[in-house]
Amino acid sequence: MKNEQQLLEAVQQASQRWKEGFNSQNATMCAEQYEIFATMHARPFGEFTGREQIESFWQGLMEQGFDNVDYIAPKLEVIDDKTVQLSSKWQMNKAHGVIHKERWIMQDDGCARLSHDDFEVLGER
């Protein structure tokens, strides 16, 4: 139970760092929350592999004026002793959508990082 709580706390902290990076318009900080060879499926934009492509995607979105992201009723599910899956609705200043699956993996350094991110834009705001 203690390990599960530590895992959940690590994921919540990492997810918060990602949101802080996005809301402060820091694409590098967002990308640092992903594993080096992570995959991201950003519907309808496409698929991105690795931190460099993922950072470029977030940077481009930020340059278009997107910010102020917030998760609505996030659900965290422990998959195993190193893995948590997050799903949630989300909204930001110009769009809203759903996170189908964020797969967070506990790393050897004690931080959780995204190995897979699958989200969808459902509309404009």
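Q: Is Asp109 buried or exposed?
A: Asp109 is exposed, since its relative accessibility is 51% and the cut-off is over 50%. Keep in mind that this is a predicted model.

Q: And which residue does Asp109 pair with in a salt bridge?
A: With Arg113; the two side chains meet at 3.3 Å, N to O.

Q: Arg113, then: buried or exposed?
A: Buried, because its relative accessibility is 19% and buried means under 20%.

Q: How many salt bridges are there in the structure?
A: There are 3. In general, side chains of opposite charge can pair when their charged atoms come close.

Q: Which residues are linked in a network of salt bridges?
A: Arg43, Asp118 and Glu120. Arg43 bridges to Asp118 with the closest N and O atoms 2.9 Å apart. That pair links distant parts of the chain, as Arg43 sits in strand E1 (residues 34–43) and Asp118 in strand E6, 75 residues apart.

Q: What about Glu120 and Arg43, how far apart are the closest N and O atoms there?
A: 3.9 Å. This pair also joins distant parts of the chain, with Glu120 in E6 and Arg43 in E1, 77 residues apart.

Q: How accessible is Asp118?
A: Asp118 has 10% relative accessibility, so it counts as buried.

Q: Switching to His100. Which residues does it touch, skipping those up to four places away in sequence?
A: Arg43, Leu86, Ser87, Asp118, Phe119 and Glu120.

Q: Which side chain makes a polar contact with the His100 side chain?
A: The side chain of Glu120, at 2.8 Å.

Q: Where is His100, and how accessible is it?
A: His100 is in strand E5, and it counts as partly exposed at 32% relative accessibility.

Q: How do the lining residues divide by type?
A: They split into 14 nonpolar, 1 polar and 4 charged.

Q: Which element gives the most to the lining?
A: Strand E6, with 5 residues. Helix H3 (50–63), strand E5 (95–106) and strand E6 (112–124) each supply at least two.

Q: You mentioned Trp90 by the pocket centre. Where is it, and is it buried or exposed?
A: Trp90 is in strand E4. At 6% relative accessibility, Trp90 counts as buried.

Q: What does Trp90 touch away from its neighbours in sequence?
A: Leaving out residues up to four places away, Trp90 touches Asp70, Tyr71, Ile72, Ala95, His96, Gly97, Val98, Ile99, Phe119, Glu120 and Val121. Two of the names there, Phe119 and Val121, are also among the residues closest to the pocket centre.

Q: Which backbone oxygen lies 3.5 Å from a polar atom of the Trp90 side chain?
A: The one of Val98.

Q: Thr83 next. Which strand is it in, and what is its relative accessibility?
A: Thr83 belongs to strand E4 (residues 83–91). Its relative accessibility is 7%, so Thr83 counts as buried.

Q: Which side chain does the Thr83 side chain make a polar contact with?
A: That of Asp80, at 2.9 Å. Beyond its neighbours within four places in sequence, Thr83 is in contact with Leu7, Glu77, Val78, Arg103, Trp104 and Ile105.

Q: Last one, Ile79. Which strand is that, and what does it contact?
A: Ile79 is in strand E3 (residues 70–80). Setting aside neighbours within four places in sequence, Ile79 is in contact with Val84, Gln85 and Arg103. Its relative accessible area is 37%, so Ile79 is partly exposed.

Definitions and conventions:
Residues numbered from 1 in each chain as written. Predicted model: local features only at pLDDT ≥ 70, side-chain atom pairs only at ≥ 80, totals over all residues. Heavy atoms only, no water. 1 Å grid on protein atoms, 1.4 Å probe; cavity = no way out; pocket = protein on both sides within 12 Å on 5 of 7 lines; lining within 4 Å. Helix = DSSP H or I, 4+ residues; strand = E, 2+ residues; numbered from the N terminus. Nonpolar A, V, L, I, M, F, W, Y, C, P; charged D, E, K, R; others polar. Buried < 20%, exposed > 50% of the residue type's maximum accessible area, 1.4 Å probe, protein only. Polar contact = N/O pair within 3.5 Å; in protein donor to acceptor, adjacent residues only side chain to side chain. Contact = heavy atoms within 4.5 Å. Salt bridge = Lys/Arg side-chain N within 4 Å of Asp/Glu carboxyl O.
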